[in-house]
Amino acid sequence: MLSNIRLFLIVWVFIGANNLFAQSRKAPAYPLITHNPYFSIWSTTDNLTASTTSHWTGANQSLIGLIKVDGAIYRFLGKEPEYYKTILPASDEQLYTVSYTETQPEGNWTALQYDAKDWKSGMSPIGNAEGQDKTIWSTKDIWLRRTFTVTNADEINKLVLKLSHDDDVEISLNGEPLYNKVGVTNDYGMIPIDKNKLRTGENVLAIHVVNTGGGARIDVGLVDKEKVVEPNAILLADQKSVDLNATQTIYKFKCGNVDLDLTFTSPLLLSDLGLLSRPVSYITYSVKANDGNTHQIKIYLSASTDLAVNKPSQEVVAKSYNTPQLSILKAGTTAQPILQKKGDDQRIDWGYVYIAAPKVANAKQFITSQKEAVNAFVKGSEASTIKQGTKLALNTVIFLGKVGAAPVFRFLEIGYDDIYAIQYFHQNLRPWWNLSGKETMEHQLSAAASGYPAIIHQCTAFNKTMYSDALKAGGKDYANLCVLAYRQSIAAHQLVKSPKGEILWLSKENFSGGFINTVDVTYPSAPLYLLYNPRLLQGMLNGIFYFSESGKFDKGFAAHDLGSYPQANGQTYGEGMPVEESGNMIILTAAIAKFQGNANYAKQHWKTLSTWVNYLTKEGFDPANQLCTDDFAGHLARNANLSVKAIVGIACYAQLAEALGDKATAIKYKQIAKGMAVKWMQMANDGDHYTLTFENKGTWSQKYNLVWDKVLDLNLFPESVYDTEIKYYLSKQNEYGLPLDSRKTYTKSDWIVWSATFASNQKDFEALIKPVYKYALETTTRVPLSDWHETTDGKQVGFQARSVVGGYFMKLLYAKSLR
């Protein structure tokens, strides 16, 4: 445990030295607390005080930071969330009945006085999710009427439509058009509407929804946006800069007569699994006077208990207590539905969030409602007023005393104990940091506090090394992209151990289905983990091998996924990707052998790999009309890039056979791969490039799968193939990058980095990378970096906060392979 604040001075030398790149805009969204898919807090504005901090899904998870300088109070972190008073509850608050019909209604069915006596009556939720929805909607269209009474419409401040739907929706209020949208609104959209359309007395919402395919859902309510006025006493801190590096986000502020440096550190060091799995981040404060005088200083942090709920309406219980080393605040839901929810747009609602302060920090902690938290600090009424309810706040005040020109340092810890992290084939698994089930979060927080100086030193050293290596490999824009990718990729995973004792490093397919351990998400993510700990890549493959080898997945090719996060109970994606996933698994197994220096891992799974390579040999060269990882673009027969994957996969199997001493097998499959490569060049040739699909002249695509030929030194394709493709790519770039292929102008940024990596010179590589970084800096879509964006306007098409940005490290991996 720390006994002397001077230790912080040593640490801060390293933190202050990491001003790695200085621009006003550094990222689409800024990582603050990043550990796993459930414990992940971001700021979505360049100024830290311009928005409420949020989970990567966009749901509010508010952190508010204030500093009191003598009598003046400045806000430097977060913004007060918006608060709503329910007028008409949606299903997340209260189930309700509606009238509905699944046949086109006659007459003016949206009018208040319409006679709907022949319509059916149903209870919300309404949709097609068996076991979750109470009214099952199975047709393409559904029409609904929801009548309700308002006591006094004139008292409403700002009327807001609270809406969740899948797919297209049209809504009227009292016969007047209110809102329409083509497409899906996940969770709940909060749409401001004209309050003059609402009447005192009886009203009706009339809704038409069209299910264009897949899931179906409609849920609607009305709320009043409350007036929330921040106390006049609070000023805004002047943000001077924000800087990013691999493990930290660093802000600098001027708060009147003092300067504040604020650093968020998530110590995600891939070489240390104990530290990697410990769900504890640091918030460090450095304060010094800027006017030559001394000032009385207090620092305040308020953390919303929304960090521990899926929906804000869920009740939580909170408490304050002490250990010999720490003062602690703890909160979690009263229900504790451990591992009961699964899917994409979800947040954790079991386990407990912790805010911990070392005793030497001279801190006072208290619990209030979220609405009253800031006022409590402003008024000095720093006492717990409530310990159970909804939307509470965990508040910590640090008393720094008199501060002059010498910096004064303090830190807080924020942690999360999820109790059980993953359900793996119907067995609940504890997180890696608590494999025994006997570890406590209090002990982890204490260890994190005691180890703070050493851990910060490790982080800052890694930050410098990673940035320097990436700069050398690919230039400044590339190095900055790697910085953006590092924490995001890692935080889309959870580390556990299987019942067989194998490491499992399981990804969540964020905002692209919510699947767990998706093979074609593992594939693009792999370069980051091959670089810094190939054992973690084994943890991404182990579950898929087990799925096949246990007989639970009895196909002659690799599975697509293990389920829907956090339940890894078997594939839930509706369709396989046989060539894609079999090729991925063989290639990545060969990559593990390359970067571990032996093929021991392949030997454990040789029978399965042999089954998959035989499938590739039979079906892979000229693929049938099946999906690949770019499934959002649809099915595609004779996909030339997918064919490359099969060819490379077969050559990787040959390379593994040679490493295991089976020369005959190695020769056989090497010859097969070589023969396919020659044939591929003939069938895909279109003069100045190679086609999207075989013999389909005038089409083109990124052949990103070729990169493994270089990284793994397979010697399948001549340099002329790469030179031809790179030259063509450079002629097809748009403002924000190279399109994925000739069908659309959108792209996948991870694949651009892979394609750029086989450029023969640095100039061409950097020319392909520059528009990708431009997209990161200029996109108007302020979410954790989306890997699927439009190359013409830089807007997100879909996906966000995904692990696949680990693929940005491909150039760095290739550089390592050449050593």
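The model is predicted, so local features need pLDDT of at least 70 and side-chain atom pairs count only at pLDDT 80 or more, while totals for chains, interfaces and linings use all residues. Numbering starts from 1 along each chain as its sequence is written, and side-chain values use heavy atoms, with hydrogens and water left out.

**Cores.** Select Ile-67, Phe-76, Tyr-285, Tyr-486, Trp-680, Trp-708 and Phe-717: in the largest nonpolar core, of 215 residues, these touch the most other members. A nonpolar core is a set of buried Ala, Val, Leu, Ile, Met, Phe, Trp, Tyr and Cys residues joined through side-chain atoms within 4.5 Å; buried means under 20% relative accessible area with a 1.4 Å probe, protein chains only. Helix H12 (residues 640-659) gives the most to this core, 13 residues. Helices (H or I, at least four residues) and strands (E, at least two) are DSSP runs, numbered from the N terminus.

Now centre on Tyr-486. Beyond its neighbours within four places in sequence, its contacts (heavy atoms within 4.5 Å) include Ala-246, Leu-268, Phe-462, Tyr-532 and Phe-809.

For the second, separate core, of 29 residues, pick members including Val-98, Ile-142, Leu-198 and Val-209.

**Helix H18.** Select residues 810-817, where 6 of the 8 residues are buried. These are Met-810, Lys-811, Leu-812, Leu-813, Tyr-814 and Ser-817.

**Cavities.** On a 1 Å grid over the protein atoms alone, a cavity is a set of points where a 1.4 Å probe fits but cannot get out, and a pocket is an open set with protein on both sides within 12 Å along at least five of seven lines; lining residues have an atom within 4 Å of a point. Points are joined across faces, edges and corners, and a volume is the space filled by probe spheres set on them.

The whole structure has 6 cavities of 30 Å³ or more. The largest holds about 150 Å³; of its 17 lining residues, His-35, Asn-36, Ser-277, Pro-279 and Gln-494 lie nearest the centre. Helix H2 (273-277) and strand E33 (493-497) each give two or more residues to this lining.

The second largest cavity has a volume of about 120 Å³. Select Cys-628, Asp-630, Asn-639, Asp-741 and Arg-743, the closest to its centre among 16 lining residues.

**Pocket.** Where does the largest share of the lining of the second largest pocket come from? Strand E6 (84-88) supplies that share, 3 residues. The pocket holds about 210 Å³, and its lining includes Lys-85, Thr-149, Glu-155 and Asp-224.

Note on methods:
Buried < 20%, exposed > 50% of the residue type's maximum accessible area, 1.4 Å probe, protein only.
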